[in-house]
Every structure is written in C-alpha cells, then in structure tokens.
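Hello,

Here is the structure I said I would pass on. Please have a look, then read my notes below.

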Amino acid sequence: MTAEELRSIISVGLPCEHIAVEGDGAHWYATIVSPEFDGMRPIKRHQRVYATLGERIQTNEVHALSMKTFTPAEWVAQGGDA
C-alpha cells in the first residue's frame, strides 16, 4: 500500500479538511483534520479512523498507524492551514 492509497481510503470513509500520510509501507503516520471529530475524545477519533480501514487493519495490510487527529478549530489553533 502507498501513502496515497491510504490517504484515499481514509478520506473516502471520513470527511477530512486536511490529511497527510507518511510511512514506509508497514508503519504509517497520519495527521487528520475532520469536523466529525468535534466532541470526540482522542480514542474515539482513532477508532473512527480505524473504522475507515476495516479489514485492512485486521489482515495486517496496514500494520501500524500512528495518528494525530484534530477538529478544524484545533488545527487552526495549533498553527495548521485554515
């Protein structure tokens, strides 16, 4: 899987205002900004992203995904592009 494929899978399953994915094919790092995260605790945000990956996590197609998740307001407040 490529970073572009992973980014596409997440963005199809979750409305994202910003998504950046980096990795080596096994270990991935993502920054995801979604209005859907509003009111969610971090663990719920991560579970929501994992839900977009479905069986890809269970079958080890995506071995490891570290992520930072933000609402649009949090993203702007921490210096991200509006």
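Two strands count as paired if DSSP finds at least two bridges between them. Helices (H or I, at least four residues) and strands (E, at least two) are DSSP runs, numbered from the N terminus. The model is predicted, so local features need pLDDT of at least 70 and side-chain atom pairs count only at pLDDT 80 or more, while totals for chains, interfaces and linings use all residues. Residues are numbered from 1 along each chain as its sequence is written, and side-chain values use heavy atoms, with hydrogens and water left out.

The sheet

Strand β2 (residues 27–33) runs parallel to β3, and 7 bridges join the two. The whole sheet is open, with 3 strands in the order β1-β2-β3 and mixed pairing. On average, neighbouring strands are turned by 15 degrees against each other, direction ignored. Such angles run from 0 to 180 degrees between N-to-C directions, with axes as lines fitted to C-alpha atoms, for helices over the stretch in contact.

The helices on it

Helix α1 (residues 3–13) packs on the sheet and touches β1, β2 and β3. Contact means heavy atoms within 4.5 Å. The direction of α1 makes about 145 degrees with that of β1. Helix α2 (residues 42–53) lies across β2 and β3, at about 125 degrees to β3.

A closer look at α2

Which residues of α2 are buried (under 20% relative accessible area; exposed is over 50%, partly exposed in between; 1.4 Å probe, protein chains only)? They are Arg45, Val49, Thr52 and Leu53. These cover an arc of only 110 degrees around the axis, so they sit on the same side of α2. The arc is that of the directions from the helix axis to the C-beta atoms. Ile43 and Ala51 are exposed on the other side of α2. The cover over the buried residues includes α1, β2, α3 (55–58), β3 and α4 (72–77). Gly54 follows α2 and has a positive phi, near 50 degrees.

The core

A nonpolar core is a set of buried Ala, Val, Leu, Ile, Met, Phe, Trp, Tyr and Cys residues joined through side-chain atoms within 4.5 Å. The largest has 15 residues, and Leu6, Ile10, Ile32, Val49, Leu53 and Leu65 have the most contacts inside it. α1, β1, β2, α2 and β3 each give two or more residues to this core.

Best wishes
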